[in-house]
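Subject: Handover of a structure, with notes

Dear colleague,

I am handing over the structure below, followed by some notes on what was found in it. Please read them alongside the coordinates.

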Amino acid sequence: MSKPNPPPGGQPASAVRAQTLPLQRLVNVVIRGLLRTPLLCRLVGKRLITVYVAGRTSGRHYAIPVAYPRRNGTLLVGTQFAWARNLRTGESVHIRLAGKRRSADVQVVADKSGVIEHFASMARDNHQFARFNKIGIDAHGDPRPDDLHLAWAAGARAAVLTPR
């Protein structure tokens, strides 16, 4: 598999990737707990779900809290992190949505125009998502096109999840 071409300006793609926050593992444990707790999951779960994936080669199981907006009965998630490479179109994953664990069908979006379109939508809907992914927002509330391109060049993927 080839690496994406460096973004304009010669900056290596790894320099623009989203980075985990200090104590990210601890934060993820707390968020996962909140998403399992009755009543609290209703508040926290308005913007967050847990996606359960298994590593393709390692077989390790991961539970990743991710932000999502709803779109026409689906959930849209996006990330620049490598765990998303374990998602495959046509396969299902488990998610925790509104406190309940259920299956969801996956449609992965990895092409440039699709990733940019979905990341723009997510950034408009959730400015915290934009900050975490280093996507600037202009005065009109729109994400900066160059930042969207850099996210894609760094390996960003989007996934459309259809809960069952």
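Predicted model: local features only at pLDDT ≥ 70, side-chain atom pairs only at ≥ 80, totals over all residues.

Residues are numbered from 1 along each chain as its sequence is written, and side-chain values use heavy atoms, with hydrogens and water left out.

Strand β4 covers residues 74-79 (strands are DSSP runs of E, at least two residues, and helices runs of H or I, at least four, numbered from the N terminus). Of its 6 residues, 6 are buried (under 20% relative accessible area with a 1.4 Å probe, protein chains only), with Thr74, Leu76 and Gly78 on one side and Leu75, Val77 and Thr79 on the other.

Strand β3 (residues 70-71) runs antiparallel to β4 and is joined to it by 2 bridges (pairing requires at least two DSSP bridges), and arginine 71 stands opposite threonine 74. In the hairpin of β3 and β4, with 2 residues between the strands, asparagine 72 takes a positive phi near 50 degrees. Strand β7 (residues 157-163) is also antiparallel to β4, through 5 bridges, and alanine 159 in β7 is the bridge partner of valine 77.

As for the lining of the largest pocket, α1 gives the most to it, with 7 residues (a pocket is an open set of points on a 1 Å grid over the protein atoms alone, where a 1.4 Å probe fits, with protein on both sides within 12 Å along at least five of seven lines, and lining residues have an atom within 4 Å of a point).

Best regards

Conventions:
Buried < 20%, exposed > 50% of the residue type's maximum accessible area, 1.4 Å probe, protein only.
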